[in-house]
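Take the model below and walk through it one region at a time. Pockets, salt bridges and backbone angles each get a turn.

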Amino acid sequence: MAFVLSVSGSPSPTSRTTRLLRHVDARLAGRGHHVVPFEARSLPAHALLSGDFDHPEIVAVTDLFARADGVVIGTPVYKAAYSGLLKALLDVLPQYALAGKAVLPLATGGSPAHVLAVDYALRPVLSSMGAGHITQGWFVLDRHITAREDGTTLVERETETLLAPVVEGFATALERLAAPALTS
């Protein structure tokens, strides 16, 4: 069982990105992984924007990243890139905060025109932070994620079918990274 940090870079309290992440979290938990959800918007803006590395909440999230075996990073796409909130969070983390970790990049947006944001905007910054293995990322159209009346999330069937092997690939990467530690 791996420890997975699932990070939403959305500034919205009703975020489809966060809904998608919680959906993925449930799949990973179903495979026996311990998943901790985290919303970057919960951090104090002044600490993020001033780069206050010693702020207790920044120290706490830095510790979560350090403890994680794998990280799921989700972001809405704005202007063909990941959110400014996610950028601010990544900026306050240590340079190699993702070293040795499996990372799953996910993005949501209103148009298929943004599909390349995962590979051309998000993947390079994750790589620069030392990610041990960045698995295939995925982009989901906002309209394919809806909230049911009971508060649960519905992911459109075709999207779910395409997303499932992406999540499985990440879970497999987590298990491979954890395997050497188990045999030592």
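Is Val 118 buried or exposed? Val 118 is buried, because its relative accessibility is 3%. Here buried means under 20% relative accessible area, exposed means over 50%, and partly exposed is in between (1.4 Å probe, protein chains only). Val 118 sits in helix α5. Helices (H or I, at least four residues) and strands (E, at least two) are DSSP runs, numbered from the N terminus. From Val 118 to Gly 151 the chain runs 33 residues, and their C-alpha atoms are 28 Å apart.

Some ground rules come next. This is a predicted model, in which local features need pLDDT of at least 70 and side-chain atom pairs count only at pLDDT 80 or more, while totals for chains, interfaces and linings use all residues. Residues are numbered from 1 along each chain as its sequence is written, and side-chain values use heavy atoms, with hydrogens and water left out.

Leu 116 belongs to the loop between β4 (102-109) and α5 (117-128). With Val 115 and Tyr 120, Leu 116 makes a nonpolar surface patch of about 340 Å². Patches are made of residues with over 30% relative accessible area and no salt bridge; like charges are joined within 9 Å, and nonpolar side chains (Val, Leu, Ile, Met, Phe, Trp, Tyr) within 5 Å. The areas come from the Shrake-Rupley method with a 1.4 Å probe, and for residues only the protein chains shown count as cover.

A pocket is found on a 1 Å grid over the protein atoms alone: it is an open set of points with protein on both sides within 12 Å along at least five of seven lines, whereas a cavity is a set where a 1.4 Å probe fits but cannot get out. Lining residues have an atom within 4 Å of a point. The volume of the largest pocket is about 250 Å³. That volume is the space filled by probe spheres set on the points, with grid points joined across faces, edges and corners. Fifteen is the size of the lining: of these 15 residues, Val 115, Trp 138, Phe 139, Val 140 and Leu 162 lie nearest the centre. Helix α5, strand β6 (138-141) and helix α6 (157-183) each supply at least two lining residues. Strand β6 gives the most, with four. The lining has seven nonpolar, four polar and four charged residues. In this count Ala, Val, Leu, Ile, Met, Phe, Trp, Tyr, Cys and Pro are nonpolar, Asp, Glu, Lys and Arg are charged, and the others, Gly among them, are polar.

Turn to charge pairs. A salt bridge is a side-chain nitrogen of Lys or Arg within 4 Å of a carboxyl oxygen of Asp or Glu. The count comes to eight salt bridges. One of them joins Arg 22 and Asp 25, with the closest N and O atoms 2.6 Å apart. Both residues are in helix α1 (residues 16-30); they are three residues apart, so about one helical turn separates them. Arg 22 is partly exposed at 24% relative accessibility, whereas Asp 25 is buried at 7%.

Another salt bridge pairs Arg 31 with Glu 168, 2.1 Å from N to O. This pair links distant parts of the chain, 137 residues apart: Arg 31 is in the loop between α1 and β2 (34-39), and Glu 168 is in helix α6. Arg 31 has a relative accessible area of 30% and is partly exposed. Glu 168 is partly exposed too, at 32%.

Arg 41 and Glu 39 form a salt bridge as well, with 3.1 Å between the closest N and O atoms. Elsewhere, salt bridges with shared partners join Arg 31, Glu 168 and Glu 175 into one network.

Finish with the backbone. Which angle stands out at Lys 79? Its phi is positive, about 50 degrees, although Lys 79 is not a glycine. Lys 79 lies in the loop between β3 (70-76) and α4 (84-92), and counts as exposed because its relative accessibility is 83%. Ala 80, in the loop between β3 and α4, also has a positive phi, near 65 degrees. Ala 80 is partly exposed, with a relative accessible area of 47%.
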